[in-house]
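I set down each point as I looked it up.

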Amino acid sequence: MRVLSGIQPTGGLHLGNLLGAILRWVRMQDGAECLYFLADLHSLSEYMEPEVRRASVREMAAALIASGIDPAKSILFAQSAVPAHAELCWLLNGTARMGWLNRMTQWKDKAGKNREGASVALFDYPVLQAADILLYQATHVPVGEDQKQHIELTRDIALKFNADFDADVFVPPEPFIGGGAAARVMSLRDGRAKMSKSDPSDMSRVNLTDSDDDIAQKIRKAKTDPEPLPEDPALLEERPEARNLVGILAAMSGESIEQVLARFAGQGFGQFKPVLADALVALLAPLRTRLEEFRRDPAELDRMLADGAERAQQLAAPTLAAAYRAVGLTS
Ligand code: TRP
């Protein structure tokens, strides 16, 4: 079993990223060989100031380590530091079909009506993602629902490449939905919208850099309803804000929604919210301290990433060489 996943260095990590993806990555470290990377080449699909990009990669790497990704256990690196990703992407561009990429919902959503003005990198994004995965013969790729289509495309590319060149170069991967509950954390202002760094209201999210007071205030002001909490989870279906806050506490404590409700049934949010705020502070305060340490010592962070890139490069080399051979670029 070899696990691989990537995250775009967009900066501004929040509770949604942490509970939805990163803590799941952390939990997988003990059971498998794991590779995690900052998808900085993918970030070229949309314009970003170079300084912002540079800072975001470091910020995100620091946040991953502060959250528990251990560079001694997992291979953590920046995608661009391993040129094999870009190289294999180009080889796979010969195999991927325009029609396949045209059907990708992320492409359709992000390009919107302005396809002519979208970057070629945005269109080709899934092929680079396929290269990320296939380079390391990754068997399990922990991703959210929205990325499943890209993993299926990766399978199609792997199978067509192997068939076209009559070579057993790539292992088709599986999307990996296990690894414990991946909470879908919603906005604190609107229980039907995902918690997002692009929401104009900062009160809608808990950032990893928020102070204890910010956290307490955001939870105190989080939208709810006047009803007490029920015992039956089904009764939360029409109460998205209530469901979200219960879900956050469940994800943090490793309990099910049922277990949390068993503790709070009959109580109102006046009782529930302080418990939630305390739990969030207990989770985030140590993480914030570690983040600040990295900010003071970026050279240490750069060393860790360079070491990760070196190890990743070594794992990638044989597959890249086999792909060059298969297409007839080397003998
Ligand atoms: N596209 C992924 C996302 O937006 C990030 C990503 C890039 C990725 N390459 C990957 C995820 C390879 C898994 C495997 O979340």
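Which element gives the largest share of the lining of the largest pocket? I found that H1 does, with six residues. The model is predicted, so I noted the limits: local features need pLDDT of at least 70, side-chain atom pairs count only at pLDDT 80 or more, and totals for chains, interfaces and linings use all residues. Residues are numbered from 1 along each chain as its sequence is written, and side-chain values use heavy atoms, with hydrogens and water left out.

I recorded how empty space is found in general: a probe the size of a water molecule is rolled over the atoms. Here a 1 Å grid is laid over the protein atoms alone; a pocket is an open set of points with protein on both sides within 12 Å along at least five of seven lines, a cavity is a set where a 1.4 Å probe fits but cannot get out, and lining residues have an atom within 4 Å of a point. Grid points are joined across faces, edges and corners, and a volume is the space filled by probe spheres set on the points.

The largest pocket holds about 1600 Å³ of space. It is lined by 49 residues, of which Ile7, Asn17, Asp146, Gln147 and Lys194 are the closest to its centre. Two or more lining residues come from each of S1, helix H1 (15-28), H5, H6 and strand S4 (140-142). Helices (H or I, at least four residues) and strands (E, at least two) are DSSP runs, numbered from the N terminus.

Entry on the ligand. I noted that the ligand takes up the space of the largest pocket; a molecule sits in a pocket if more than half of its atoms lie within 2 Å of the grid points. Around the ligand I listed 13 residues, and His42, Tyr125, Gln129, Asp132 and Gln147 come nearest. To count as near, a residue needs a heavy atom within 4 Å.

In the shell around the ligand, H6 (120-135) and strand S1 (2-7) each supply at least two residues, and H6 gives the most, with four.

Entry on the cavity. I found one cavity of 30 Å³ or more. Its lining consists of Met104, Gln106, Trp107, Leu122, Tyr125, Pro126 and His150. H6 provides the largest share of this lining, three residues.
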